[in-house]
Amino acid sequence: MIKRLLLVDDDADDRFLFKKALDELRTAVNLFLATDGEDALETLETIYPLPDLIFLDLNLPRLNGIQCLEKIKQHRLFSQVPVIMYSTTFTEGDKTKATQLGASHFLMKPFSITALCRELAYVFSIDWKKKRV
């Protein structure tokens, strides 16, 4: 069961929508927030136990999603946490690079709560511990 999430997104509206979707799903999780890649790495240092999933926006200031993903996957403690790339757009190059770096899944930011709830319910239904092996 998913208990801890880290959402890395610099857009306040997208963070609000994500929180609202969690409320709609009645998903009891501890949601940690970071607004850019540097903030995400600093936040990960403070979360114990580590989050069950990281939702990582692609387009971030200071350290973008690809750069942040690379640092997460190089870190001995964080590398096993599944990272869901979460963005409004993905190029094939983005997907290829993120997959090579260890992204677990890609989730396009939906434009409605209903669509986001459906996508999150799917992501939460996956047994990420088995999928990592």
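**Ground rules.** I number residues from 1 along each chain as its sequence is written. The model is predicted, so local features need pLDDT of at least 70 and side-chain atom pairs pLDDT 80 or more, totals for chains, interfaces and linings use all residues, and side-chain values use heavy atoms, leaving out hydrogens and water.

**The sheet.** I looked up the strand order first. It is an open sheet of five strands, S2-S1-S3-S4-S5, with parallel pairing. Strands are DSSP runs of E, at least two residues, helices runs of H or I, at least four, and both are numbered from the N terminus. Two strands pair if DSSP finds at least two bridges between them. At the edges I found S2 (30-34) and S5, each pairing on one side only. The twist averages 20 degrees from one strand to the next. Helix H1 (residues 12-25) packs on the sheet and touches S1, S2, S3 and S4. Its direction makes about 175 degrees with that of S2. Helix H2 (residues 37-46) also packs on the sheet, touching S1, S2 and S3, at about 140 degrees to S2. Such angles run from 0 to 180 degrees between N-to-C directions, with axes fitted to C-alpha atoms, for helices over the stretch in contact.

**Strand S3.** Next I checked residues 53-56. Leu53 and Phe55 on one side, and Ile54 and Leu56 on the other, are all buried. Buried means under 20% relative accessible area (1.4 Å probe, protein chains only). In a regular strand the side chains alternate between the two faces of the sheet. S1 (residues 4-8) pairs with S3 over four bridges, and leucine 5 stands opposite leucine 53. S4 (residues 83-87) pairs with S3 over three bridges. There, methionine 85 is the bridge partner of leucine 56.

**Lysine 109.** Is this lysine buried or exposed? Lysine 109 counts as buried because its relative accessibility is 6%. I place lysine 109 in the loop between strand S5 (105-108) and helix H5 (113-125). Its side chain makes a polar contact of 2.7 Å with that of aspartate 9, and another of 3.3 Å with that of aspartate 57. A polar contact is a pair of N or O atoms within 3.5 Å; within protein, one must be able to donate a hydrogen and the other to accept it, and residues adjacent in sequence count only if both atoms are side-chain atoms.

**Alanine 98.** I found alanine 98 in helix H4 (residues 92-101). Alanine 98 is buried, at 0% relative accessible area. Beyond its neighbours within four places in sequence, alanine 98 is in contact (heavy atoms within 4.5 Å) with Ile66, Leu69, Met85, Ala103 and Phe106.

Conventions:
Buried < 20%, exposed > 50% of the residue type's maximum accessible area, 1.4 Å probe, protein only.
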